[in-house]
Amino acid sequence: MRRLQKQWPVSGLQMLPLLVLAMPALCFANITVSPMKVMLNEQYATTLVISSKSETTQYIQGKITEVHNPGTAQENETPAQQGAQNSLVVSPLKFGLPAGNSQPVRIVSLGESNQEKIYRVHFQSMTPEEFKNTGSDKNFTSDLSLTIVWGVVVMVPPAKQVAKLGWDVSAQKITNTGNIHLLVKRIGLCDSDKNEARCQWKELKKNVYPGKPYSPALTFSASASSEKIRIEYFNDYTQKQEVESFPFK
């Protein structure tokens, strides 16, 4: 089964080339999954919906992977066992979906962590024969026909969230020193830390994950009045935009 991957990018960057190439196949997708990015609530749970676009019953299989080094060149995924300690429970993970119907899927995290965890929950349609096979996880990459795999990003917050960035003057580098991801929207070189400061801005729109650095390749023209580096970011969990200022030198 040739597999076409449709997944929300963890980095937050656009995937236009992939989506353009995938467009003809997506028009014939048997299912849709919404939303493609979820954050667990205070009860460490959330719900997504899988809907049938087919005239026949679809047989849906899911699998869970944990994302390591998200948003970096070293990003990779490893299988996460359903219901294991400090993992996820996805219910249902395997089910039949009648034509034209929708199925809510509940995701719950087991255990707490001091740092945000990122998972992907993958869903795809399978043949009835594959669906009956108890080892159907192996069939995620079989080669019988074209299928689409939907990869939903699942963000599991820590028990106590800390949103904080650091700025390394000598290395010109941003580091997420908190324990949740932050969407760094832009960085500016300003003549003060006042709201009315004059700034040179560079747009970034980059998700930076806990403990991970990011070098924005600045091209600012420093002057005698340059005093502060200002970084604006968006917190997905609070849905608020924040700003931090650092000495320019």
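Reader: Is arginine 186 buried, partly exposed or exposed?
Author: This is a predicted model, and the value is computed from it. Buried means under 20% relative accessible area, and exposed means over 50%. Arginine 186 has 24% relative accessibility, so the class is partly exposed.

Reader: Which residue forms a salt bridge with arginine 186?
Author: Arginine 186 lies in strand S14, and the partner lies in strand S17, 46 residues apart. The closest N and O atoms are 2.9 Å apart.

Reader: Over how many bridges do S14 and S17 pair?
Author: S14 covers residues 182-190 and S17 covers residues 228-235. One of the bridge pairs sets cysteine 190 against lysine 228. The sense is antiparallel, and the count of bridges is seven.

Reader: Which strands stand at the edges of the open sheet?
Author: The sheet has four strands in the order S15-S14-S17-S18, with antiparallel pairing. Each edge strand has a single partner strand, so one side of each is left without a neighbour in the sheet. The edge strands are S15 (199-208) and S18 (240-247).

Reader: Is arginine 198 buried or exposed?
Author: Arginine 198 forms a salt bridge with aspartate 191, with the closest N and O atoms 3.0 Å apart. Aspartate 191 is buried, with a relative accessible area of 18%. Arginine 198 has a relative accessible area of 65%, and the cut-off for exposed is over 50%. Arginine 198 is therefore exposed.

Reader: How much space lies in the largest cavity?
Author: A search of the whole structure finds one cavity of 30 Å³ or more. Of its 14 lining residues, the closest to its centre are Ser109, Gly111, Ser113, Lys117 and Val156. By class, the lining has six nonpolar, five polar and three charged residues. The space is about 90 Å³.

Reader: Which residue stands opposite leucine 88 in S9?
Author: Strand S7 (residues 88-91) and S9 pair in the antiparallel sense over four bridges. Leucine 88 stands opposite serine 109.

Notes
Residues numbered from 1 in each chain as written. Predicted model: local features only at pLDDT ≥ 70, side-chain atom pairs only at ≥ 80, totals over all residues. Heavy atoms only, no water. Pairing = 2+ DSSP bridges. Helix = DSSP H or I, 4+ residues; strand = E, 2+ residues; numbered from the N terminus. 1 Å grid on protein atoms, 1.4 Å probe; cavity = no way out; pocket = protein on both sides within 12 Å on 5 of 7 lines; lining within 4 Å. Points joined across faces, edges and corners; volume = space filled by probe spheres on them. Nonpolar A, V, L, I, M, F, W, Y, C, P; charged D, E, K, R; others polar. Salt bridge = Lys/Arg side-chain N within 4 Å of Asp/Glu carboxyl O. Buried < 20%, exposed > 50% of the residue type's maximum accessible area, 1.4 Å probe, protein only.
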